[in-house]
Amino acid sequence: MEGINSQTWRDNLRLYKQAEKEYFITFGAESLDYVYLWDPLHVDSDDLAAGAKKLRDAIRTGVPLDNTPPNPDMPEIIY
């Protein structure tokens, strides 16, 4: 695990943001609304790299990640 001021963190964040941009181009701007790639309270540089890999794999296969709302009856609420 690397701190947020490390070069590894910055490199992995750059990789993630590029993969996210490509994912949005491929699957649409709201295609990650309900996708959990890591724990939002305890993210580290390894999580960013793993998240970027998941996004690139989805783009490569052409199959988007599951973006189903937790409660389909109330999709406007983000938990």
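Buried means under 20% relative accessible area, exposed means over 50%, and partly exposed covers what lies in between, using a 1.4 Å probe and protein chains only. The views below come from a predicted model, where local features need pLDDT of at least 70, side-chain atom pairs count only at pLDDT 80 or more, and totals for chains, interfaces and linings use all residues. Residues are numbered from 1 along each chain as its sequence is written, and side-chain values use heavy atoms, with hydrogens and water left out.

View 1. Helices (H or I, at least four residues) and strands (E, at least two) are DSSP runs, numbered from the N terminus. Of the 79 residues in the protein chain, 25% count as buried. Let us also look at contacts, meaning heavy atoms within 4.5 Å. Among the contacts with a separation of 6 or more, 69% join residues 24 or more positions apart.

**View 2. Tyr-16 and Trp-38 bring their rings together as an aromatic pair.** A pair of aromatic rings is described by the distance of the centres and the angle of the planes. Rings of Phe, Tyr and Trp (its six-membered ring) pair if their centres lie within 6.5 Å; planes under 30 degrees apart are stacked, over 60 edge-to-face, and the rest tilted. By this rule there are two aromatic pairs. In the pair shown here, Tyr-16 and Trp-38 are edge-to-face, 5.0 Å centre to centre with 70 degrees between the planes. Tyr-16 lies in helix 1 (residues 7-27) and Trp-38 in the loop between helix 1 and helix 2 (45-61), so the pair ties together parts 22 residues apart in sequence. Tyr-16 is buried at 9% relative accessible area, while Trp-38 is partly exposed at 23%.

**View 3. Tyr-23 and Phe-27 form a tilted aromatic pair.** Their centres are 4.7 Å apart, with 55 degrees between the planes. Both residues sit in helix 1, four residues apart, which separates Tyr-23 and Phe-27 by about one helical turn. Tyr-23 is buried, with a relative accessible area of 0%, whereas Phe-27 is partly exposed at 23%.

**View 4. Eleven residues make up the largest nonpolar core.** Such a core is a set of buried Ala, Val, Leu, Ile, Met, Phe, Trp, Tyr and Cys residues joined through side-chain atoms within 4.5 Å. Its members include Trp-9, Tyr-16, Tyr-23, Leu-48 and Leu-55. Helix 1 and helix 2 each supply at least two of the core residues. Not counting residues up to four places away in sequence, Leu-55 touches Tyr-16, Ala-19, Glu-20, Tyr-23, Leu-32, Leu-37 and Leu-65.
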